[in-house]
Amino acid sequence: MPNSLLLISHLPIIPPTHTTPCHVSPRMSLNNNNNQTPKPPNPSSLLTSLPKLLWGPSLPPGLLISTVRTAWHSTWQLMMSQLAPSDPSGSYSRPTSKFRHVATTQFSRQNLHLYVALPCPWAHRTLIVRNLKGLEETIPVSIASPGQDGSWEFKSSSIPGLDKDILVPGKDSANGCKNLREVYGLRRGGYSGRTTVPMLWDVQNKEVVCNESYDIIEFFNSGLNGLASNPGLDLSPLELKGRIEEWNRVIYPNVNNGVYRCGFAQSQGAYDTAVSELFSTLDKLDDHLGRSRYLCGGTLTLADICLFTTLIRFDLVYNVLFKCTKKKLLEYSNLHAYMRDLYQIPKVAATCNFTAIMDGYYKTLFPLNPGSIQPVMPSGCEHEALSRPHNRESLSSTESKYVQVQ
Ligand SMILES: N[C@@H](CCC(=O)N[C@@H](CS)C(=O)NCC(=O)O)C(=O)O
């Protein structure tokens, strides 16, 4: 959700149907003001007065539609190029993170602060690992909300929590900044790139430690054991590292980034490829998870956390907004039970705020939802539905490290 996006959304682009519904003759709508006193110019009359100037009092409906369609398509492409850079074939190419590799950076481990936003699946990974490792005291967190100008802002939230057990957006408790761009700007040398969440901040040295989610969760898993209240939990044990990497190589491009490749595709061909790779990977995962409690057997790993944050958003937003329509997650019985298994870890459930997720996607991704109308929350995505029994315990062949998480 880039900063420039909402600026573009404030351009006076008037959807045609607001002034001249397709089923009403343009002549009727252009002439219905004849007996009234002239009113000051209204920007919303732009669409009706421009054709009048060019073609006279009436414009054939077919021509009106094709004119508006061409204008809208060019505007949409312009907005999409800001929101989601693509290659020449129209496939989404995700920009790379600027600050990577926590381990090689010099910083004070006692003085770290995490910046996140609740709609973001990448930031969600870091909140889950922080909770599971018991790093809540060591790593304080500031939770941003999507702002009107497209930036991540810090403000008191109107989004409810669930009995106060669930995370809600709020102020910047480390730097007192109004938005995330200001925080990035505090680093020596400033910053002019994309200001993304998650971002790990060195409070003492006023520096970005890392803004790549996978690097942050690896660091939380093994780099702060001296300060964690659950240091015994290892979400990336040495003997499973190879398998975790294998899963990540499949899941990242086809599922985590795959849903974005569907939603941000700028050509039919790019969408067709992305959606087919997404659903063939979900089919394989559903099959595998019918035999295995977690991706790598009986042990919960970082690969599961990364898959979970996409699955929990699937029916809520990706199925509709990103056109991942072939199936709902609810139709994949193993994947859905697997997602419920992870959700039912109390420290995982505490990181899921479904209202904030819906709000973040439907209200801010303007080119995908220009009317900003938010669909109703699917009943299968609510806390009660996700708390249904999953019956996956019997799939654990080896003793699960998950027991240490409870
Ligand atoms: N590769 C990054 C991606 C982070 C990312 O794309 N975050 C989005 C929110 S979901 C963001 O902050 N976008 C703001 C922007 O692009 O300006 C990671 O995994 O940490």
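This is a predicted model: local features need pLDDT of at least 70, side-chain atom pairs count only at pLDDT 80 or more; totals for chains, interfaces and linings use all residues.
Colleague: Let's start with confidence. What pLDDT does the protein chain average, and what share of the residues score at least 70?

Modeller: The average is 84, and 81% of the residues score at least 70. Residues 1–37 have a pLDDT below 50, and this stretch has 64 contacts in the model beyond near neighbours in sequence. Residues 398–406 also have a pLDDT below 50, with 20 such contacts.

Colleague: And what is the protein chain built from?

Modeller: There are 15 helices and 5 strands. Buried residues make up 37% of the 406 residues. Of the contacts with a separation of 6 or more, 76% are between residues 24 or more positions apart.

Colleague: What order do the strands take in the sheet?

Modeller: The order is β3-β2-β1-β4-β5, in an open sheet of 5 strands with mixed pairing. β3 and β5 each have a single partner strand, so they stand at the edges, and one side of each is left without a neighbour in the sheet.

Colleague: How do you know that β1 and β2 are paired?

Modeller: Pairing takes at least two bridges, and 4 bridges join β1 (residues 112–117) to β2, so they count as a pair, running parallel. One place to look is Ala 117, which stands opposite Ala 144 in β2.

Colleague: What makes β2 and β3 a pair?

Modeller: The cut-off is at least two bridges. β2 and β3 (residues 152–153) have 2 bridges, in the antiparallel sense, so they qualify. Ser 145 has Glu 153 in β3 as its bridge partner. As for cover, 5 of the 6 residues in β2 (residues 141–146) are buried.

Colleague: Why is Glu 212 called buried?

Modeller: A residue needs 20 or more other C-beta atoms within 10 Å of its own. Glu 212 has 20 C-beta neighbours inside 10 Å, so it counts as buried.

Colleague: Where is Glu 212 found, and which residues does it touch?

Modeller: Look in the loop between β5 and α7. Leaving out residues up to four places away in sequence, Glu 212 touches Ser 97 and Arg 100. Glu 212 is also 9.0 Å from Thr 196, C-alpha to C-alpha, with the two 16 residues apart in sequence.

Colleague: What makes you say that helix α7 is mostly covered?

Modeller: In α7 (residues 213–222), 7 of the 10 residues are buried. They are Ser 213, Asp 215, Ile 216, Ile 217, Phe 219, Phe 220 and Asn 221. Their packing partners are α5, β4 (199–202), β5 (207–210) and α11.

Colleague: You mention α11. Why are α11 and α12 called roughly perpendicular?

Modeller: The axes of α11 (residues 302–321) and α12 (residues 333–343) cross at roughly 110°. The label covers 65 to 115 degrees, and α11 and α12 are therefore roughly perpendicular to each other. Their axes come within 10 Å.

Colleague: Which residues meet where α11 and α12 come together?

Modeller: From α11, look at Asp 304, Phe 308, Leu 311 and Ile 312. In α12, they meet Leu 335, Met 339, Leu 342 and Tyr 343. As background, an α-helix has 3.6 residues a turn, so residues three or four places apart point the same way.

Technical notes: Residues are numbered from 1 along each chain as its sequence is written. A residue is buried if 20 or more other C-beta atoms lie within 10 Å of its own, exposed if 12 or fewer, and partly exposed in between; C-beta atoms are placed from the backbone. pLDDT is the predictor's confidence in each residue, from 0 to 100. Two residues are in contact if their C-beta atoms, placed from the backbone, lie within 7 Å. Axes are lines fitted to C-alpha atoms, for helices over the stretch in contact, and angles run from 0 to 180 degrees between N-to-C directions. Angles under 35 degrees count as roughly parallel, over 145 as roughly antiparallel, 65 to 115 as roughly perpendicular and the rest as oblique.
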